[in-house]
Amino acid sequence: MRRLLQALALLILLAGCTAPPPPAPDTPKPPPSPPSTRWHPPPGTPWQWQLSGPLDKSVDAQVYDIDGFDHPAATVADLHRRGRKVICYLSTGAWEDFRPDAAKFPRSVLGKGNGWKGERWLDIRRTDVLAPLMATRLDMCRAKGFDAVEPDNMDAYKNETGFPLTPADQLAYNRLIARMAHDRGLAVGLKNDLDQIPQLLPDFDFAVNEQCAQYDECDLLTPFVKAGKAVFHAEYEQQTSEFCPKTSRLGLSSLLKKYELGAWRQTC
């Protein structure tokens, strides 16, 4: 009996030292992480920018950048049926007296005029006030079906706003807007603010720029192109023959527009 017990103990010990068998070849692997559904426009994507006048939906461009307040969900849906992606233009750095939510901005956050009639710079340090207001605007863009947002006036710290804004204030505010857009599934573009591109490149999905050719600044936008992100660029005071050779070489999606940003455009 003792020998039998010893033999059983030896078998149990050997079984405990044996490595577990490998998984069967057909063991299912865990599903991969779902890809981001956010839109990522690549460099060179053709675009149309129209913020005034009756919207011309016949323009041969993959992307339309239109005013978020002025156009209903039906317009966005119509452009989608035509195979277009649609960007929601919003002013996130300046107050506009003609917007339906203008009265919700307290006077304490309104600064000097920004050069456009009825517009004043915002105190972007006051995120306690501005974040809920901008969240409501971004909710509007999402509810209307937009694919992305173009937040304008995002370089207040470089202007005479009436507030002692710093580069750090601007970085914090721009990242806040980008994060809120992403939280709603919207792509977001960095509008101008060229000096902060190195810091903000990871936070934004594309760039929107005005007059980089006129001011010899287009090279500053190349980090977006190198990162595989579109740069939607517009000029007003140069002819296409003056800026297209360089901006095309850099990979920018360039337009010649008039200041009122109606339907008229010339492309490279």
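The face of α2 turned away from its buried side carries A74 and R81 as exposed residues; exposed denotes over 50% relative accessible area, buried under 20%, and partly exposed the range in between (1.4 Å probe, protein chains only). The model is predicted, so that local features need pLDDT of at least 70 and side-chain atom pairs count only at pLDDT 80 or more, whereas totals for chains, interfaces and linings use all residues. Residues are numbered from 1 along each chain as its sequence is written, and side-chain values use heavy atoms, with hydrogens and water left out.

Helix α2 spans residues 73-81, and its buried residues are T75, V76, D78 and L79. Viewed down the axis of α2, these buried residues fall within an arc of 160 degrees and so line one face of the helix; the arc is taken over the directions from the helix axis to the C-beta atoms. The cover over the buried residues of α2 includes the strands β2 (63-67) and β3 (85-91). Just after α2, G83 adopts a positive phi of about 85 degrees.

Overall, the protein has seven helices and 12 strands, assigned as DSSP runs (H or I of at least four residues for helices, E of at least two for strands) and numbered from the N terminus. Of the 268 residues in the protein, 50% are buried. Contacts are defined by heavy atoms within 4.5 Å; among those between residues at least 6 apart in sequence, 58% join residues at least 24 apart. The protein exposes about 13800 Å², of which carbon and sulfur atoms supply 56%. Accessible areas were computed by the Shrake-Rupley method with a 1.4 Å probe, and for residues only the protein chains shown count as cover.

Side chains of opposite charge can pair when their charged atoms come close. With a salt bridge defined as a side-chain nitrogen of Lys or Arg within 4 Å of a carboxyl oxygen of Asp or Glu, the count comes to 20 salt bridges. One of these joins the side chains of D78 and R82, with an N to O distance of 3.2 Å. D78 is buried at a relative accessible area of 15%, while R82 is partly exposed at 41%.

A salt bridge also links the side chains of R142 and D139 (3.3 Å, N to O). Both residues belong to helix α3 (residues 127-143), where R142 and D139 are three residues apart, about one turn of the helix. R142 is partly exposed, with a relative accessible area of 43%, and D139 is likewise partly exposed, at 28%.

The side chains of K246 and D216 form a further salt bridge, at 3.8 Å from N to O. K246 lies in helix α7 (residues 240-250) and D216 in the loop between β9 (206-210) and α6 (222-226), so the pair ties together parts that are 30 residues apart in sequence. K246 is partly exposed at 26% relative accessible area, whereas D216 is exposed at 61%. Elsewhere, salt bridges that share partners join K57, D78, R81 and R82 into one network.

D152 is located in strand β7 (residues 148-152) and is buried, at 11% relative accessibility. The side chain of D152 makes a polar contact with that of K191 at 2.9 Å. A polar contact is a pair of N or O atoms within 3.5 Å; within protein, one must be able to donate a hydrogen and the other to accept it, and residues adjacent in sequence count only if both atoms are side-chain atoms. Leaving aside residues up to four places away in sequence, D152 touches Y89, L90, S91, T92, G93 and K191.
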